[in-house]
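Please examine the sequence and the three-dimensional model shown here. The paragraphs after it lead from the overall arrangement to individual residues.

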Amino acid sequence: MKNKLNIDEFGIFLVWMGIIFSLISYFTKSTFLNSFGFVIFVFAIYRSFSGQKERRSLENKQFKEKLVDPIKQAFKNGKKDATKLNRSKDYKYIACPNCGQKLRIPKKKGNVKVKCPKCGEKFDARS
Ligand SMILES: [Zn+2]
(Lines give C-alpha, C1' and ligand atoms only; values in the text may rest on other atoms or scores of the structure.)
Protein backbone atom coordinates (compact mmCIF):
# COMPACT_ATOMS: atom_id res chain seq x y z
CA MET A 1 0.00 0.00 0.00
CA LYS A 2 1.37 3.39 -0.93
CA ASN A 3 -0.47 5.78 1.35
CA LYS A 4 -0.47 3.59 4.40
CA LEU A 5 -0.63 5.50 7.65
CA ASN A 6 2.54 4.52 9.40
CA ILE A 7 2.94 6.50 12.56
CA ASP A 8 6.14 5.86 14.47
CA GLU A 9 7.37 7.00 17.88
CA PHE A 10 8.47 10.36 16.53
CA GLY A 11 5.07 10.80 14.88
CA ILE A 12 3.27 10.03 18.12
CA PHE A 13 5.56 12.46 19.93
CA LEU A 14 4.73 15.16 17.37
CA VAL A 15 0.99 14.55 17.72
CA TRP A 16 1.28 14.86 21.50
CA MET A 17 3.32 18.04 21.15
CA GLY A 18 0.61 19.44 18.89
CA ILE A 19 -2.09 18.53 21.40
CA ILE A 20 -0.10 19.99 24.30
CA PHE A 21 0.57 23.25 22.45
CA SER A 22 -3.08 23.51 21.48
CA LEU A 23 -4.12 22.98 25.09
CA ILE A 24 -1.64 25.57 26.38
CA SER A 25 -2.79 28.04 23.74
CA TYR A 26 -6.39 27.36 24.74
CA PHE A 27 -5.66 28.34 28.34
CA THR A 28 -3.28 31.19 27.58
CA LYS A 29 -5.31 32.35 24.57
CA SER A 30 -2.08 32.60 22.61
CA THR A 31 -2.63 32.53 18.87
CA PHE A 32 1.10 31.96 18.34
CA LEU A 33 1.08 28.74 20.38
CA ASN A 34 -2.12 27.68 18.68
CA SER A 35 -0.57 28.07 15.23
CA PHE A 36 2.61 26.39 16.45
CA GLY A 37 0.65 23.41 17.72
CA PHE A 38 -1.25 23.26 14.47
CA VAL A 39 1.96 23.31 12.43
CA ILE A 40 3.40 20.44 14.51
CA PHE A 41 0.17 18.52 14.06
CA VAL A 42 0.17 19.02 10.30
CA PHE A 43 3.84 18.03 10.13
CA ALA A 44 3.08 14.83 12.08
CA ILE A 45 0.27 13.93 9.68
CA TYR A 46 2.42 14.83 6.67
CA ARG A 47 5.18 12.57 8.00
CA SER A 48 2.77 9.69 8.48
CA PHE A 49 1.45 9.86 4.95
CA SER A 50 4.72 10.67 3.28
CA GLY A 51 6.20 7.82 1.32
CA GLN A 52 9.84 8.56 2.13
CA LYS A 53 10.21 5.62 4.41
CA GLU A 54 13.99 5.75 4.76
CA ARG A 55 14.02 9.41 5.70
CA ARG A 56 11.19 8.86 8.17
CA SER A 57 12.90 5.96 9.87
CA LEU A 58 16.12 7.95 10.02
CA GLU A 59 14.26 10.82 11.71
CA ASN A 60 12.68 8.35 14.08
CA LYS A 61 16.07 6.84 14.86
CA GLN A 62 17.59 10.27 15.56
CA PHE A 63 14.61 11.21 17.69
CA LYS A 64 15.03 8.02 19.74
CA GLU A 65 18.77 8.48 20.15
CA LYS A 66 18.58 12.15 21.10
CA LEU A 67 15.45 12.27 23.22
CA VAL A 68 14.19 8.83 24.24
CA ASP A 69 17.47 7.09 25.06
CA PRO A 70 18.83 9.84 27.35
CA ILE A 71 15.54 9.82 29.26
CA LYS A 72 15.62 6.03 29.55
CA GLN A 73 19.26 6.23 30.66
CA ALA A 74 18.40 8.85 33.27
CA PHE A 75 15.66 6.60 34.64
CA LYS A 76 18.05 3.67 34.77
CA ASN A 77 20.69 5.68 36.62
CA GLY A 78 18.11 6.97 39.05
CA LYS A 79 17.03 3.42 39.84
CA LYS A 80 20.64 2.37 40.31
CA ASP A 81 21.26 5.20 42.78
CA ALA A 82 18.15 4.26 44.70
CA THR A 83 19.28 0.67 45.10
CA LYS A 84 22.71 1.89 46.14
CA LEU A 85 21.14 3.91 48.95
CA ASN A 86 19.24 0.88 50.16
CA ARG A 87 22.19 -1.48 50.11
CA SER A 88 21.52 -3.69 53.06
CA LYS A 89 25.17 -4.68 53.52
CA ASP A 90 25.89 -1.25 55.00
CA TYR A 91 23.24 -1.78 57.64
CA LYS A 92 22.49 -4.24 60.34
CA TYR A 93 18.98 -5.23 61.24
CA ILE A 94 18.20 -5.58 64.90
CA ALA A 95 15.04 -6.05 66.88
CA CYS A 96 13.91 -3.75 69.67
CA PRO A 97 14.29 -5.65 72.99
CA ASN A 98 11.04 -4.14 74.26
CA CYS A 99 8.57 -4.57 71.41
CA GLY A 100 10.43 -6.54 68.78
CA GLN A 101 10.22 -3.78 66.14
CA LYS A 102 12.81 -4.32 63.39
CA LEU A 103 15.34 -1.48 63.27
CA ARG A 104 18.13 -0.65 60.86
CA ILE A 105 21.45 0.63 62.21
CA PRO A 106 24.59 1.59 60.27
CA LYS A 107 27.35 -1.01 60.33
CA LYS A 108 30.89 -0.62 61.75
CA LYS A 109 29.97 2.22 64.05
CA GLY A 110 30.75 0.36 67.27
CA ASN A 111 28.25 0.88 70.06
CA VAL A 112 25.34 2.99 68.95
CA LYS A 113 22.50 4.40 70.97
CA VAL A 114 19.22 3.40 69.41
CA LYS A 115 15.78 4.75 70.06
CA CYS A 116 12.92 2.58 68.93
CA PRO A 117 10.54 4.61 66.75
CA LYS A 118 7.61 2.39 67.75
CA CYS A 119 7.73 2.25 71.55
CA GLY A 120 10.41 4.85 72.35
CA GLU A 121 12.67 2.34 74.13
CA LYS A 122 16.30 3.46 74.27
CA PHE A 123 19.02 0.85 74.16
CA ASP A 124 22.62 0.27 73.10
CA ALA A 125 23.46 -1.89 70.15
CA ARG A 126 26.71 -3.14 68.66
CA SER A 127 27.02 -2.80 64.96
ZN1 LIG B 1 10.33 -0.91 70.62
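The model is a predicted one. Its chain contains 3 helices and 4 strands. Read from the N terminus, these elements follow the order α-α-α-β-β-β-β. Of the 127 residues in the chain, 21% are buried. Where contacts link residues at least 6 apart in sequence, 30% of them join residues at least 24 apart.

The helical part may be taken up with the pair H1 and H2. Helix H1 spans residues 9–28 and helix H2 spans residues 31–49; their axes lie 8 Å apart and the two helices pack at an angle of about 160°. Because angles over 145 degrees count as roughly antiparallel, H1 is described as roughly antiparallel to H2. The crossing of H1 past H2 is left-handed. On the H1 side, the residues that make the contact include Phe10, Gly11, Leu14, Gly18, Phe21 and Thr28. On the H2 side, Leu33, Phe36, Gly37, Ile40, Ala44 and Arg47 are among them.

The loop between H1 and H2 holds Lys29. Phi of this residue is near 55°, which is a positive value in a residue other than glycine. Is Lys29 buried or exposed? Its relative accessibility is 71%, and Lys29 therefore counts as exposed.

Helix H3, residues 53–85, contains Glu59. The relative accessibility of Glu59 is 16%, so this residue counts as buried; the cut-off for that class is under 20%. With its neighbours within four places in sequence left aside, Glu59 is in contact with Phe10 and Arg47. Both of these partners also take part in the packing described above, Phe10 from H1 and Arg47 from H2.

The nonpolar cores come next. In soluble globular proteins, nonpolar side chains tend to be buried together. Which residues form the largest nonpolar core in this model? It has 9 residues, namely Ile94, Cys96, Leu103, Ile105, Val112, Val114, Cys116, Phe123 and Ala125. Strand E2 (102–106), strand E3 (111–115) and strand E4 (122–126) are the elements that give two or more residues to this core. Apart from it lies another core, of 7 residues, which includes Phe10, Leu33, Ile40 and Phe63. Phe10 of H1, together with Leu33 and Ile40 of H2, also belongs to the contact between those two helices.

Between E2 and E3, the loop contains Lys108. Although Lys108 is not a glycine, its phi is positive, at about 55°. Lys108 counts as exposed because its relative accessibility is 77%.

The cysteines deserve a separate look. Cys96 and Cys116 both belong to the largest nonpolar core. Cys96 has a relative accessibility of 3% and so counts as buried. By comparison, Cys119 counts as partly exposed, because its relative accessibility is 36%. Which residues does Cys116 contact, leaving aside its neighbours within four places in sequence? They are Cys96, Cys99, Gln101, Leu103 and Glu121. How many disulfides does a search of the whole structure find? The search finds 0 disulfides.

Terms used:
Residues numbered from 1 in each chain as written. Predicted model: local features only at pLDDT ≥ 70, side-chain atom pairs only at ≥ 80, totals over all residues. Heavy atoms only, no water. Disulfide = S-S within 2.5 Å. Buried < 20%, exposed > 50% of the residue type's maximum accessible area, 1.4 Å probe, protein only. Core = buried A, V, L, I, M, F, W, Y, C linked by side-chain atoms within 4.5 Å. Contact = heavy atoms within 4.5 Å. Axes fitted to C-alpha atoms, helices over the stretch in contact; angles between N-to-C directions. Parallel < 35°, antiparallel > 145°, perpendicular 65-115°, else oblique. Left-handed = near helix turned anticlockwise from the far one by under 90°.
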